[in-house]
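Subject: A structure for you to look at

Hi there,

Here is the structure I promised to pass on to you. Please have a look at it first, and then read on for what turned up in it.

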Amino acid sequence: MYTESQRAAEGRRTRRRFRLLGAAAAAVLLVAAGVGTWLAVSGDDTPSDDKPAAVQQHPDEVRETVEKTPASPEGQMMLHQREAGLEKFKNGDERYAPGTWATGKTFAKGMADKILGFEVAPDSEKPVWTLKLGGHLCATSEHVTADGRTAVVVQPPKPDGDAAEGVCDQVVFFDIDTGKKLWQATMPSAGSAFVTNTNITLTRGVVAVAWGQGSVAYDMKNGRQLWNGTTASNCEDEGFAGGRALLALLTCGSGSGAASDDTYRVEKLDPRTGKAEWTYKVADGVQDVFLPSSEPPVLAVAAGDTMVTELITLDAEGKHQATVSMSGRHDPECGARFFGSPYFGVIENCDALVVGRDLLFLASTEEMSLDQPDNWIVAFDVKTGKTAGKFEGRPFQPVSPLRMSGDELLIHRQSRSEVEPAAVVSWNPRTDKATPLLLFGLPQEDGDKLGDLEWSDIVVEQGRVFFSRRSLSPDEKDPEAAVIASIGVGSFGLKH
């Protein structure tokens, strides 16, 4: 799929993508991937609480939904599915499967050179639509518009002219419910855009893409180019963070690729024009920067190390507000997706960190003591950096922050025990009240990988939870069985 030379084309990003496995990896049980897609629903999805509804959003805004508590959180399996066609792969080979999206009607999964759409319903065994992309997926975004659209970057079927093999220059905007391609655009001067360095994001009305040596933005409505940043400069557009606003991460240096030569700055852009509204210069000596949130602006920086050492929050004018030190007890896991591939847009991805409007939530690293909670989640005040609450995990049940649901945090509580179920929990840090939304069990053959954000995407949307592997490989014991995605769907109601 991708040659070693293509992967090395943008070595400046990839040289900092990997960290030592250490004790955390020792806690992960590596099991064979032989199961397929499955769903589980709660026994009673009658709503039972009065949580405030989400604010009405414009169709072009990035979606922010509020989940509602069910009368009963108990779930059951509904669908089990296998993916064919990987039996020719050798053990250890992978087919990348980036991109996981869901609406109230459809679960969509990217795989190699296509996107598959599954109906969210009992006995839904086959895709209801297939969007053939003509080339392999290069970059995906977790963002979805309020009316269920998103975008990806793909390779063209055949490179034009002297373009390098594996170049990524096609932007595809599609509807998740129907699988309809709404528009496709060719990125300008994108000969240096590859899977290793291409980043795509969404903000209101705009799709933005960056690939180190260039950037471009499109109007969601029709794919019209709004602006591009492909002119020669000592600073390169490393990537964007979208959502409520648009932030750009720029790398400035000699171009030699030496870490000591790199300096970083972050700009808030007008999404329609690309003009900077403010600029924040990151201190010299920082090895890497990630942008887990655009509003409030939050930077995850690796200062003097390849792992994130601190989080920096900025105010609305781009001025420093607070610093949260990792102190060896926390790791936001930005960009270091070992087992699920470290590519496909890492600028915004920090698997152990979720940012709300006034709090950020950070998972601790895992404990090795058998009689202690595996880990916990700490809430920090965005303005002061002070702690504002703590959610305890349990022994053999590590916890991961998933996303905000209004002012509450959705948490996945994994289970490494055959006795205790896994769960999706909603936590209110102000009252310290934790409410189970779904209790369920994952297939034993693949449960550890599915429930671990280093291997899989976990998406909670409109009363359901979906689990989806980021890469697929044949089962060591049964080469004809391979995972496309494992989907856990628990119906627990949604407040619109």
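The secondary structure of the protein chain amounts to four helices and 36 strands; helices (H or I, at least four residues) and strands (E, at least two) are DSSP runs, numbered from the N terminus. This is a predicted model, in which local features need pLDDT of at least 70 and side-chain atom pairs count only at pLDDT 80 or more, while totals for chains, interfaces and linings use all residues. Residues are numbered from 1 along each chain as its sequence is written, and side-chain values use heavy atoms, with hydrogens and water left out.

Some overall values to start with. Of the 496 residues in the protein chain, 60% are buried (under 20% relative accessible area, with exposed over 50% and partly exposed in between, for a 1.4 Å probe and protein chains only). The accessible surface of the protein chain is about 19800 Å², and carbon and sulfur atoms hold 48% of that (Shrake-Rupley method with a 1.4 Å probe; for residues, only the protein chains shown count as cover). Among contacts (heavy atoms within 4.5 Å) between residues at least 6 apart in sequence, 54% join residues at least 24 apart.

Now to the interior. In soluble globular proteins, nonpolar side chains tend to be buried together. A nonpolar core here is a set of buried Ala, Val, Leu, Ile, Met, Phe, Trp, Tyr and Cys residues joined through side-chain atoms within 4.5 Å. The largest such core has 21 residues, and the members that touch the most others are Val153, Val171, Met187, Ile200, Val207 and Val209. Two or more residues come from each of strands E9 (137–140), E10 (149–154), E11 (170–175), E12 (181–186), E13 (199–203), E14 (206–210) and E15 (215–219). There is also a second, separate core of 17 residues, with Val298, Val308, Val324 and Leu353 among them.

Which residues does Val209 contact, leaving aside its neighbours within four places in sequence? Its partners include Val153, Val171, Met187, Ile200 and Phe240, along with Thr198, Asn199 and Ser215.

E18 covers residues 247–252, and six of its six residues are buried. In a regular strand the side chains alternate between the two faces of the sheet. In E18, Leu247, Leu249 and Thr251 point one way, while Ala248, Leu250 and Cys252 point the other way. E18 runs antiparallel to strand E17 (residues 235–241), joined by six bridges, and Cys235 has Cys252 as its bridge partner. Two strands pair if DSSP finds at least two bridges between them. The hairpin of E17 and E18 has five residues between the strands, and Gly243 there takes a positive phi near 105 degrees. Six bridges also join E18 to strand E19 (residues 263–269), again antiparallel, with Leu249 opposite Val266.

On to the aromatic rings. The structure holds nine aromatic pairs; rings of Phe, Tyr and Trp (its six-membered ring) pair if their centres lie within 6.5 Å, and planes under 30 degrees apart count as stacked, over 60 as edge-to-face and the rest as tilted. Phe107 and Phe466 have ring centres 5.2 Å apart and planes at 10 degrees, so this pair is stacked. Phe107 belongs to strand E6 (residues 106–111) and Phe466 to strand E34 (residues 464–469), so the pair ties together parts that are 359 residues apart in sequence. Phe107 and Phe466 are both buried. For Phe391 and Trp427, the centres are 5.7 Å apart and the planes at 55 degrees, so the pair is tilted. Phe391 and Trp427 are buried as well. Elsewhere, ring pairs link Trp101, Trp129 and Phe174 into a cluster.

Last, a few backbone details. The peptide bond from Glu295 to Pro296 is cis, with omega near 0 degrees, and Pro296 sits in the loop between strand E21 (286–294) and strand E22 (297–303). Ala112 has a positive phi near 60 degrees, in a residue other than glycine. Ala112 lies in the loop between E6 and strand E7 (114–119) and is buried, at 4% relative accessible area. Phe396 has a positive phi too, near 65 degrees, but Phe396 counts as partly exposed at 40% relative accessibility.

Enjoy exploring!

Best wishes
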